[in-house]
Amino acid sequence: GEIMIDQTPFHQLRGRKMDLFRGQNIGLVFQKTHFVKSISTLENLLLTQSLSGEKQDKKTALSLLEKLSISHKANDKPFELSIGEQQRLAIARALINKPGIILADEPSSALDDENCFKMIALLQHVASEHKSNLLIVTHDSRIKHMVDKKIYLNDQFEVKG
C-alpha cells in the first residue's frame, strides 16, 4: 500500500529524509516513555526539536510543559517524575513540533481509572488545540466511550467498525 501524509508519499522516504519528515509531522506517544535519563525534562523536549531539524525553542517547550501542568518539573530528570508526569512529558514531546498526526501506543496502560480518563481527555484536548489528528492504539476498553471513531481488528486482521 501507499501512505500519503500532507501530499508526501511517506512510504517512499528513506534514511534522514524519513527521520526529518517523521520528526516534523508525526508525534509519537510510546507505551514506554524512552527519555534520555541524564538530561532534564526541558532538555528532552529541546533535544526532540533539534533531532527533527527544528530550531530549539525554549519558550515553546516551557509553554507546553505549563499547559500539561508539569512546568515545575522542567529541571527534573525524567526518572524523578511520577508515571503520570512522565506520560504528560511524553505528550509534550509528541507535540513539540506541532505535528499533523499524533500516534499514541497504549497511553493509558500504566494508569488507574481516574488517571486513564484524565490522560485520554488531555491527549484529545491538546491534539484538538494543536489541530492534530489523534490515533490511539489500545486494548484498554475503559476508553472506548471517549473516542469519535473505533476500528477493531480481529485475529485475521480484518477491519470492523
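These legends describe close-up views of a predicted protein model.

Residues are numbered from 1 along each chain as its sequence is written. In this predicted model, local features need pLDDT of at least 70, side-chain atom pairs count only at pLDDT 80 or more, totals for chains, interfaces and linings use all residues, and side-chain values use heavy atoms, without hydrogens and water.

**View 1. Confidence along the chain.** The protein chain has an average pLDDT (the predictor's confidence in each residue, from 0 to 100) of 88. Confidence is highest in helix H2 (residues 41-51), at a mean of 95, and lowest in strand E7 (residues 159-160), at 61. Helices (H or I, at least four residues) and strands (E, at least two) are DSSP runs, numbered from the N terminus.

**View 2. The two faces of helix H3.** Ala61, Leu64 and Leu65 of H3 (residues 58-67) are buried (under 20% relative accessible area; exposed is over 50%, partly exposed in between; 1.4 Å probe, protein chains only). They sit on the same side of H3, because they cover an arc of only 100° around the axis (taken from the directions from the helix axis to the C-beta atoms). The face turned away carries exposed Lys59 and Glu66.

View 3. Glu114 and Lys118 form a salt bridge, with their closest N and O atoms 3.1 Å apart. A salt bridge is a side-chain nitrogen of Lys or Arg within 4 Å of a carboxyl oxygen of Asp or Glu. The two residues lie four apart in H5 (residues 113-129), about one turn of the helix. Glu114 is exposed, at 52% relative accessibility. Lys118 is partly exposed, at 48%.
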